[in-house]
Amino acid sequence: FFRLKKRLWNQRGVRRCTKMRMFSALVSSTLLYGSGSWTRRELDTNQLETTQYRLARLMLGSRPTDRVRMTTAYSELSMLPLRVQLAERTLSWAARLINLPGDRLPRLLMFSEMAEGRRNPG
């Protein structure tokens, strides 16, 4: 992302829709790779959300001292909040698991139960 800072994000001649396309193709896809199957922890979600917000502010050209609300930045860029993107990917992953044949390993692991004993917490 920061290698493109001088050439793309800070350029005033580049249209905002072009920046958003690049952001979704390069940055969002990298940040959220495999997120449908993650165990969603609040700490991880907050860190990813903070990163997305900082990058959105950079695309808008606002300074760190400018007070820009997260909802304002997302609406100006027509960007979905990260929590919504994570929820969509999780639902998509669950739908894929349900449609898998019953003998496939991901489906077996997702819907299996332990025969006896208890799993350690954590």
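Which side chain meets Glu42 in a salt bridge? Arg83 does, at 3.0 Å from N to O. Keep in mind that this is a predicted model.

Let's stay with that pair. Glu42 is in helix 3, residues 42-60, and Arg83 is in helix 5. Glu42 is partly exposed, at 48% relative accessible area. Arg83 is partly exposed too, at 29%. There is also a network here: salt bridges with shared partners join Glu42, Glu49 and Arg83.

Now the wider count. The whole structure has 4 salt bridges. One of them pairs Glu76 with Arg16, with the closest N and O atoms 3.8 Å apart. Glu76 has 41% relative accessibility, which makes it partly exposed. Arg16 is partly exposed at 39%.

Another bridge joins Asp44 and Arg41, at 3.2 Å between the closest N and O atoms. Asp44 comes out at 29%, partly exposed. Arg41 comes out at 47%, also partly exposed.

Next, the backbone. Most residues other than glycine have a negative phi. Ser78 is not a glycine, yet its phi is positive, about 55°. Where is Ser78 found? In the loop between helix 4 (70-77) and helix 5 (82-99). Ser78 is exposed, at 66% relative accessible area.

Last, the surface. Ile98, Met110 and Phe111 form a nonpolar patch there, with about 330 Å² of accessible area together. Phe111 lies in helix 6, residues 105-111. Its relative accessibility is 49%, so Phe111 counts as partly exposed.

Methods:
Residues numbered from 1 in each chain as written. Predicted model: local features only at pLDDT ≥ 70, side-chain atom pairs only at ≥ 80, totals over all residues. Heavy atoms only, no water. Patch = residues over 30% accessible without salt bridge, like charges linked within 9 Å, V, L, I, M, F, W, Y side chains within 5 Å. Areas by Shrake-Rupley, 256 points an atom, 1.4 Å probe, with all protein chains shown as cover. Helix = DSSP H or I, 4+ residues; strand = E, 2+ residues; numbered from the N terminus. Buried < 20%, exposed > 50% of the residue type's maximum accessible area, 1.4 Å probe, protein only.
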